[in-house]
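Please keep the sequence and the structure in view while reading.

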Amino acid sequence: LVSGADDVLALLQPIGQGPLLELGGVARPLDGLPVEQLRVREALPARGGRSAAELSLSSGVSLPDCLSALVELESQELVARVGETGWRLAWPGGRDG
C-alpha cells in the first residue's frame, strides 16, 4: 500500500538505497492469536452459531483443544456463547458480526 510520496520514492530506488518503508499499521484484535485459536474462530459462520463439536470438526482442532480455544477467545471478546452449547462470532467493544 502506498500512503504518500515518500513511499513512491522508496519503491523507485534500487533495493537498499532508498529510505526504509515503515511496515505495519494499527494492531487488529486477531493479530497474534495462536494458530489453533485462529482456526477455531475462522470456522465460525458469519451468521448464527455452531457447537464446539462442529467447530472441532470444521477447524481440524481436537475437541479438548477447541474448547480451550473457545474459552480463551471468549475472554478476549472474540467469540460469544449461544445458548448452552453454541458459539458465535463476536468483536471486542460490541461490534458483533
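Contact here means that heavy atoms lie within 4.5 Å of each other. The model is predicted.

**Serine S59**
- S59 is placed in helix α3, which covers residues 52–59.
- With a relative accessible area of 8%, S59 is buried, because buried means under 20% relative accessible area.
- At 2.7 Å, the side chain of S59 reaches the backbone oxygen of L55.
- When residues up to four places away in sequence are not counted, S59 touches R39, V40 and A43.

**Arginine R41**
- R41 is found in helix α2, which covers residues 35–42.
- R41 is buried but has no salt bridge.
- The nearest side chain of opposite charge to R41 is that of E42, 7.2 Å away; a salt bridge would require a side-chain nitrogen of Lys or Arg within 4 Å of a carboxyl oxygen of Asp or Glu.
- A polar atom of the R41 side chain lies 2.9 Å from the backbone oxygen of L78.
- Not counting residues up to four places away in sequence, R41 touches L30, L73, L78, V79, L89, A90 and W91.

**Nonpolar surface patch**
- V2, V8, L9, L11 and L12 make a nonpolar surface patch of about 480 Å².
- One of these residues, L12, lies in helix α1, which covers residues 5–12.
- L12 has a relative accessible area of 65% and is therefore exposed, as exposed means over 50%.

Key
Residues numbered from 1 in each chain as written. Predicted model: local features only at pLDDT ≥ 70, side-chain atom pairs only at ≥ 80, totals over all residues. Heavy atoms only, no water. Helix = DSSP H or I, 4+ residues; strand = E, 2+ residues; numbered from the N terminus. Buried < 20%, exposed > 50% of the residue type's maximum accessible area, 1.4 Å probe, protein only. Polar contact = N/O pair within 3.5 Å; in protein donor to acceptor, adjacent residues only side chain to side chain. Patch = residues over 30% accessible without salt bridge, like charges linked within 9 Å, V, L, I, M, F, W, Y side chains within 5 Å. Areas by Shrake-Rupley, 256 points an atom, 1.4 Å probe, with all protein chains shown as cover. Lys, Arg positive; Asp, Glu negative; His and termini not counted.
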